[in-house]
Amino acid sequence: MKKASNDKRNKGFLVSELAEIEKRENEIPFINFYPRPKLKRNNFTILNGEWDIEISKNSDLPVKYIKKVVVPYPIESPDSLVNHLLEPDEYIFYHREIKYDLKDGKRAILHFEGIDQTAEIFINNEFVEKHIGGYTSFSLDVTNFLSKGSFDLSIRVQDVADQSYHQRGKQTLKPSFCFYSSSSGIYKTVWLEEVPEKYIYDVAYQSIFDENGLKIHVKTKEDGNAKISIEGETFVIPTNKDNLITLKNVPIWSITCPNLLNIDIEYCDDVVKTYYAYRKFEVKNGENRGFFLNNEKIILNGLLDQGYYFPNGLTPRSYKDYEFDILRLKELGFNTIRKHIKVEDEYFYYLCDKYGMLVLQDLPNGGEPYKFISVGFPRLSIKLLNKEKYLNEKNVGRGNALGNKEFINDSLSIIYKLNNYGCIIGYTIFNEGWGQFKTSEVYNILRPNIKNRFVDLTSGWYQSNDNEVFSIHAYTYQTRDRQDIYKDRPYFLSEFGGLGLKVKDHSLYPGEFSHRGSKTKEALTKKYVGIFNNLIKNLKKGHIAGMIYTQVADCETEYNGIFTFDRKILKIDEKIIKEINEKIHPY
């Protein structure tokens with residue numbers, strides 16, 4: 001079994017940065033934020049902060065714990081205070097005593113927003129549940145364990161990174177090129193929620209835009225009626241059914257006016273607050289092909305966002321990291337973030353709804369280790385090899401039926417969880433062939449669950465006739481006019497750019513890769529202008545529907561962001577970026 005590489009991860013930690021991290025030891029991350037903005041209640045407790053931890057190759061629960069960890073930072077990160085590179089044959093053991101004064105007639109739900117990869121839950125040293133999947137959340141009803149006001153919680157975690165078929169995104173044991181070190185263990189918020197005996201499990205909305213209609217589905221354990229209050233209008237609807245209501249003077253959500261519908265729901269003794277971004281998004285083919293928001297054509301002009309944050313890998317230091325990225329990209333004139341091979345906390349999508357930022361959401365890839373000839377070689381001949389028939393599923397890690405089933409189930413879970421966030425205007429299912437399998441079959445399973453959004457089925461290469469767009473990644477012939485091969489579908493340049501500039505002392509790592517490096521900010525800006533000036537010529541001819549530049553910020557092994565990893569330096573002239581985006585906007 002492969003071991004994790006220490007060569008890159010233990011070099012270059014800034015002394016000043018580590019000193020700041022030590023000052024933060026007693027802070028509780030994300031303490032003041034409700035983790036699920038689409039369904040809010042008043043009674044919740046954030047369980048982040050200091051937990052007990054042990055790391056061992058012995059799978060038995062520890063008898064005692066000596067070390068501490070700050071949850072929810074991954075153990076590889078400095079903010080966790082652990083800073084340990086996990087091996088595939090090691091286990092992480094988390095421990096905490098949970099104390100809570102649960103009121104009579106109430107239930108306690110324990111939520112885990114993200115544990116990478118396999119988590120086994122023990123309460124009072126007894127096994128309760130096993131969850132596999134670092135990109136999907138899960139919950140437990142722990143009411144019976146709180147009968148005496150507390151219980152002992154232990155979690156055994158194993159993360160084998162890219163050595164199995166589990167969904168792993170860009171995590172690897174040996175970081176290089178565009179793949180990064182693992183973020184293992186509890187890397188998202190843990191929280192406890194108090195609910196009535198009869199409560200709302202979830203709610204789903206769907207805009208019926210051209211008819212001022214809103215479809216609402218309130219999910220409860222037992223059928224009943226729910227009272228819905230929306231912007232001064234009140235409706236009573238049955239639960240566990242799709243209900244279509246008509247709204248008067250409904251405020252529409254858009255990039256420039258991100259109006260949100262405030263919604264209150266009452267069911268029995270349960271009262272929740274929710275919201276919804278009422279909008280329409282669709283793809284059109286033929287002569288007027290392109291993307292349309294609220295029946296108006298729009299060019300998707302955005303950046304690839306790896307979702308890696310300084311200095312903690314997959315976990316932002318705080319939600320201010322989310323807010324900075326969204327607001328700065330808006331200020332620069334971009335309208336889209338492609339969230340690349342990673343799922344964020346729900347608060348990220350709420351902020352995109354709040355500020356009016358479109359999101360193309362990738363589904364994290366899985367599959368056993370890939371062979372470069374199958375995932376990289378098609379890039380060398382986009383026109384000749386960019387066809388689904390050339391895909392060798394075994395070479396892209398799809399020889400295991402369990403892994404294929406897990407990908408489907410995890411993808412459905414992610415899609416369902418994010419269904420209410422209006423900022424999400426599309427899903428990427430397969431990226432560059434990574435873990436791609438039974439392309440049309442997967443599309444037909446997932447597509448019915450994706451409403452008011454488009455699907456980029458095969459982003460990059462191994463194009464499928466089922467794809468709703470012609471989606472290409474181009475880092476060499478980036479400005480080529482591809483009208484001759486995309487036919488009647490919108491041409492979506494879903495990755496390009498990758499221009500690099502190393503800036504000393506603004507990353508924890510010795511970034512090693514970019515698609516085309518520069519020595520100075522001026523040289524980088526000149527290359528950036530050259531690419532976009534040629535793309536704008538194709539825009540004027542109506543030959544590009546959207547484009548995603550690589551990328552928001554530098555990462556562990558890459559230095560091709562427009563920002564440094566710590567987001568302190570914009571590496572391309574700000575005035576030039578804004579001027580270019582102003583030129584793109586009218587199209």
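At the start of helix 11, a side-chain oxygen of aspartate 573 comes within 3.0 Å of the backbone nitrogen of lysine 575. This pair is a polar contact, defined as N or O atoms within 3.5 Å; within protein, one must be able to donate a hydrogen and the other to accept it, and residues adjacent in sequence count only if both atoms are side-chain atoms. The model is predicted: local features need pLDDT of at least 70, side-chain atom pairs count only at pLDDT 80 or more, and totals for chains, interfaces and linings use all residues. Residues are numbered from 1 along each chain as its sequence is written, and side-chain values use heavy atoms, with hydrogens and water left out. Helices (H or I, at least four residues) and strands (E, at least two) are DSSP runs, numbered from the N terminus.

Helix 11 spans residues 574-584, and its buried residues are Ile577, Ile580, Asn581 and Ile584. Viewed down the axis of helix 11, these residues fall within an arc of 95°, so they line one face of the helix. The arc is that of the directions from the helix axis to the C-beta atoms. Buried denotes under 20% relative accessible area, exposed over 50%, and partly exposed the range in between (1.4 Å probe, protein chains only). An α-helix has 3.6 residues a turn, so residues three or four places apart point the same way. On the face of helix 11 turned away from the buried side sit the exposed residues Lys575 and Glu582. The buried side packs against strand 25, helix 3, helix 10 (521-540) and strand 34 (546-550). Contact here means heavy atoms within 4.5 Å.

Isoleucine 584 belongs to helix 11. It has a relative accessibility of 2% and so counts as buried. Leaving aside residues up to four places away in sequence, isoleucine 584 touches Ile299, Asn301, Phe532, Ile536, Leu539 and Met547. Isoleucine 584 and phenylalanine 334 are 250 residues apart in sequence, yet their C-alpha atoms are 9.6 Å apart in space. Another pair, asparagine 83 and arginine 328, is 245 residues apart in sequence and 30 Å apart, C-alpha to C-alpha. Asparagine 83 lies in the loop between strand 3 (67-71) and strand 4 (91-99). Its relative accessibility is 34%, so asparagine 83 counts as partly exposed.

Helix 8 (residues 439-446) has the buried residues Thr439, Val442, Tyr443 and Leu446. Down the axis of helix 8, they fall within an arc of 100° and so line one face of the helix. Their cover includes helix 7 (401-417), strand 28 (424-431) and strand 29 (454-459). Helix 7 and helix 8 pack at an angle of about 35°, with axes 11 Å apart. Axes are lines fitted to C-alpha atoms, for helices over the stretch in contact; angles run from 0 to 180 degrees between N-to-C directions. The crossing of helix 7 and helix 8 is right-handed. A crossing is right-handed if the near helix is turned clockwise from the far one by less than a right angle, and left-handed if anticlockwise. Phe407, Ile408, Ser411, Leu412 and Ile415 of helix 7 meet Val442, Ile445 and Leu446 of helix 8. By class, the residues of this contact are seven nonpolar, one polar and no charged. Ala, Val, Leu, Ile, Met, Phe, Trp, Tyr, Cys and Pro count as nonpolar, Asp, Glu, Lys and Arg as charged, and the others, Gly among them, as polar.

The axes of helix 3 and helix 4 (residues 346-355) come within 10 Å and cross at roughly 30°. This crossing is right-handed. Helix 3 contributes Tyr319, Tyr322, Glu323, Ile326, Leu327 and Lys330; helix 4 contributes Tyr347, Phe348, Leu351, Cys352 and Tyr355. The contact of helix 3 with helix 4 has nine nonpolar, no polar and two charged residues.

Backbone geometry was also examined. Most residues other than glycine have a negative phi, and most peptide bonds are trans. Cysteine 268 has a positive phi, near 50°. Cysteine 268 lies in the loop between strand 20 (261-267) and strand 21 (270-276), and is exposed, with a relative accessible area of 52%. Asparagine 294 has a positive phi near 55°. The loop between strand 23 (290-293) and strand 24 (296-298) holds asparagine 294, which is buried at 15% relative accessibility. A cis peptide bond joins phenylalanine 310 to proline 311, with omega about -5°. Proline 311 lies in the loop between strand 25 (300-305) and helix 3 (319-332). A cis bond also links aspartate 116 and glutamine 117, with omega about 0°.
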